[in-house]
Amino acid sequence: DGKPMASIARVSASINLFSLVSGKIDIGTAQLFGTKVTLYKQTAESAPNYQFVIDAFTSEQKEQSTPINLRIGSFIIRHADINYDIKSEKIRPNTIDANHIHLHDCGMNIALRSFSKDSLNISVRRLQASELNSGLSLHDTHFKLIANSKQARLTDFSISLPHSHASIDSLNVDFQHFKNDSTFTLRSTPLTGTIVLKDLASIEKKLDSFNTPFHFSFSVIGNEKTIAVPDINVYSGKNITFKANMDILRPINKELKEIH
């Protein structure tokens, strides 16, 4: 449309040229500072202003069948603003709205140790952003994820909101391709943290007046037949204590799934 879609104040990267000879993309460091991205659609049915980018990559993938083998030692983004709007849709202030997403001052530090057709090894050292329309703010989030075609392991996960925090040491899943008749096993260490419901006011406005911190802990274990969440503990000081157990039967079968 003749309007700016993306701009970057400063970009730098170091690439191992010798790895290209063997079909690998090895980027030592990549840095983006002052990135501004404006994405939009006139209506929900119309093509987005970035459609030409999708078309270009789709054509390239059809012409080239070389599998991806990518490594990035350190990928850093600072002070990024990303806006997405469906212009025909009404803006709903102070709430999360998929039609209008305005991310401000986004920052991340990622190490992508491997990325190929059947393998992923990524370490997110820092992730933060503020969503201006809803007021939701994400602070100091980090995790490590190693996955292949048969298993996935999430470790050192931590997420922080202005007054809330949750963390888990590890979550392990062994699986086959997910279908209604798939088999898998799931096990986690306890997820622990503190939540202040006011931080979730962007989801439900009535929560804005709840400033009491609630502490919680629970873990999960199970398979394709049953996922158990034993020993759910929620408490706030000495006045409120909640204990429960939960079972999810046939979790990946939408027609038969039950929760007790």
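**Ground rules.** I number residues from 1 along each chain as its sequence is written. The model is predicted, so I kept local features at pLDDT of at least 70 and side-chain atom pairs at pLDDT 80 or more, while totals for chains, interfaces and linings use all residues, and side-chain values use heavy atoms, with hydrogens and water left out.

**Salt bridges.** I looked for a side-chain nitrogen of Lys or Arg within 4 Å of a carboxyl oxygen of Asp or Glu, and the count came to four. One of them joins D26 and R71 at 2.9 Å, N to O. I found D26 in strand β2 and R71 in strand β3 (residues 69–86), 45 residues apart. Strands here are DSSP runs of E, at least two residues, numbered from the N terminus.

I then checked cover, where buried means under 20% relative accessible area, exposed over 50%, and partly exposed in between (1.4 Å probe, protein chains only). D26 is buried at 19%, whereas R71 is partly exposed at 36%.

Next I looked at D81 and K36, which meet at 3.4 Å, N to O. This pair also links β3, with D81, to β2, with K36. D81 is buried at 18%, and K36 is partly exposed at 47%.

**Surface patch.** I15, L17, L20 and I25 make a nonpolar patch of about 380 Å². Patch residues have over 30% relative accessible area and no salt bridge, with nonpolar side chains (Val, Leu, Ile, Met, Phe, Trp, Tyr) joined within 5 Å and like charges within 9 Å. I25 sits in strand β2 (residues 25–41) and is partly exposed at 40%.

Definitions and conventions
Accessible areas come from the Shrake-Rupley method with a 1.4 Å probe; for residues, only the protein chains shown count as cover. Helices (H or I, at least four residues) and strands (E, at least two) are DSSP runs, numbered from the N terminus.
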